[in-house]
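Subject: Structure handover

Hello,

Here is the structure for you to look through. Please open it first, then read my notes below.

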Protein chains: 2
Amino acid sequence: MTQSALIESKNAAGHGPASLDSVLGFHIRLAHGAVYRHFTETFAALGLTQKQVSTLWLVAEMPGIAQSELGNRLRMDRATAMSIVSRMQERDFLWRERCPSDGRKQLLHLTDAGKKALEEAKACIEEHERWLKSRFTPDEVKKLVEMLARIHE
Amino acid sequence: MTQSALIESKNAAGHGPASLDSVLGFHIRLAHGAVYRHFTETFAALGLTQKQVSTLWLVAEMPGIAQSELGNRLRMDRATAMSIVSRMQERDFLWRERCPSDGRKQLLHLTDAGKKALEEAKACIEEHERWLKSRFTPDEVKKLVEMLARIHE
DNA sequence: GCTTGATTGTATGCTTCACTAACAAATAGG
DNA sequence: CCTATTTGTTAGTGAAGCATACAATCAAGC
């Protein structure tokens with residue numbers, strides 16, 4: 001229905017979006033769904049979810065990062081970070097170290113198995129990103145990333 | 001860490017993204033999360049979720065739409081559409097009509113309570129959209145919507 | 001008219017994940 | 001020392017996606 005996209009974006013009362021197609025949040029939701037589905041397909045063989053991959057990736061980038069910091073950067077609350085990290089630990093992809101200078105914190109490190117899993121995951125991410133970026137020019141990708149960052153920053 | 005965004009986007013091996021910040025899918029995920037959280041806050045009083053609002057909205061736009069069509073347009077599979085619609089029916093926001101020309105289909109219609117709920121929801125959406133769009137120029141919003149549509153189309 | 005296959009709805013169960021609430025341990029500041 | 005904050009942990013709730021299986025309906029070909 002491209003028709004509905006062409007409708008004047010004010011309703012009869014003169015305020016508010018007239019069509020779902022004119023709601024920015026709606027498009028973000030649908031785009032995320034499409035990305036999520038393709039990601040899940042691509043990673044079905046590896047048995048990793050988006051949250052798990054970004055957790056492995058971030059711990060690799062910042063070895064010794066605290067669980068709370070991980071949660072902050074990936075926008076997970078403590079409970080969510082807890083369950084993600086716990087499963088990754090069960091699968092021997094990372095291990096926790098009690099922080100010597102602050103006994104509250106758990107510092108995270110990848111195991112060798114975790115590093116291996118991440119390398120495999122990165123290959124899948126490359127493919128996934130190729131699929132996603134194929135519909136944009138490099139300039140558009142840059143602009144899109146910048147605009148999305150303005151939303152989640 | 002704007003630092004990591006500045007790192008050259010190829011890793012030591014010369015292929016693949018070096019930093020999470022350079023992964024487009026990652027930004028879509030975080031942006032969606034931020035939008036989702038603000039949406040949930042805004043709609044806590046109404047007790048409606050994104051899926052429920054977009055369902056009410058779409059049924060209002062297209063009275064008599066079949067459940068399967070609803071699922072197609074909102075990118076839900078049959079089982080998900082089923083659970084959303086069933087809850088909306090329990091709350092007396094919509095009713096199902098067996099299609100006279102195709103006995104398989106359930107045609108959806110809003111009740112008066114559903115129309116009222118949607119009007120309240122649209123006021124919240126306005127506020128939500130204002131919050132979301134406040135960081136963009138009108139041209140940027142247009143470009144962003146267009147790029148997101150390229151992803152989920 | 002009948003069989004076959006596709007579509008649609010329904011029911012059940014599993015998994016991810018976001019959130020809340022409560023609690024314990026450690027820390028920081030007065 | 002006392003208090004408030006931070007961090008981690010556990011348990012439970014709920015939305016939502018997905019798979020599967022099944023029944024009813026429809027469409028197409030013989």
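Which residue of chain B forms a salt bridge with Lys143(A)? The partner is Glu140(B). The closest N and O atoms of Lys143(A) and Glu140(B) are 3.0 Å apart. Please keep in mind that this is a predicted model.

**Where the two chains meet**

That pair belongs to a longer list. Between chain A and chain B the count is 4 salt bridges. Polar contacts were counted too. Across the interface of chain A and chain B there are 22 residue pairs in polar contact, with both residues at pLDDT 80 or more.

H2(A) gives the most, with 13 residues. Sorted by class, the side of chain A that touches chain B has 25 nonpolar, 10 polar and 15 charged residues.

Next, the size of the contact. Chain A puts in 50 residues, and chain B puts in 50 residues. The area buried between the two chains is about 5,200 Å². Carbon and sulfur atoms give 68% of that area. Three residues of chain A deserve a look: Leu24(A), Arg29(A) and Ile151(A). They supply 13% of the area that chain A buries against chain B, more than any other three residues.

**DNA strand C**

Now turn to the DNA. DNA strand C is surrounded by 22 residues. The closest are Arg37(B), Ser68(B), Arg78(B), Arg96(B) and Gln106(B).

For Ser68(B), a backbone N or O atom is 2.7 Å from a phosphate oxygen of DNA strand C. For Gly103(A), the distance is 3.0 Å. For Gln67(B), the distance is 3.2 Å.

Helix H5 (78–90) of chain A supplies at least two residues, and so do helix H4 (67–73) and helix H5 (78–90) of chain B. H5(A) gives the most, with 4 residues. The surface near DNA strand C has 5 nonpolar, 7 polar and 10 charged residues.

**DNA strand D**

DNA strand D has 21 residues around it. The closest are Ser68(A), Arg78(A), Gln106(A), Thr80(B) and Gly103(B).

A polar backbone atom of Gly103(B) is 2.6 Å from a phosphate oxygen of DNA strand D. An N or O atom in the side chain of Lys51(B) is 3.5 Å from a phosphate oxygen of DNA strand D. Arg104(A) reaches a base: an N or O atom in its side chain is 3.1 Å from a base oxygen of DNA strand D.

H4 and H5 of chain A, together with H5 of chain B, each give two or more residues to the surface near DNA strand D. The largest share, 4 residues, comes from H5(B). By class, this surface divides into 4 nonpolar, 7 polar and 10 charged residues.

Best wishes

Key
Residues are numbered from 1 along each chain as its sequence is written. Chains are lettered from A and ligands numbered from 1 in the order in which they are written. This is a predicted model: local features need pLDDT of at least 70, side-chain atom pairs count only at pLDDT 80 or more; totals for chains, interfaces and linings use all residues. Side-chain values use heavy atoms; hydrogens and water are left out. A residue is near a molecule or strand if one of its heavy atoms lies within 4 Å of it. A polar contact is a pair of N or O atoms within 3.5 Å; within protein, one must be able to donate a hydrogen and the other to accept it, and residues adjacent in sequence count only if both atoms are side-chain atoms. Ala, Val, Leu, Ile, Met, Phe, Trp, Tyr, Cys and Pro count as nonpolar, Asp, Glu, Lys and Arg as charged, and the others, Gly among them, as polar. Contact means heavy atoms within 4.5 Å. Buried area is the accessible area (1.4 Å probe) that two parts lose on being put together, summed over both. A salt bridge is a side-chain nitrogen of Lys or Arg within 4 Å of a carboxyl oxygen of Asp or Glu.
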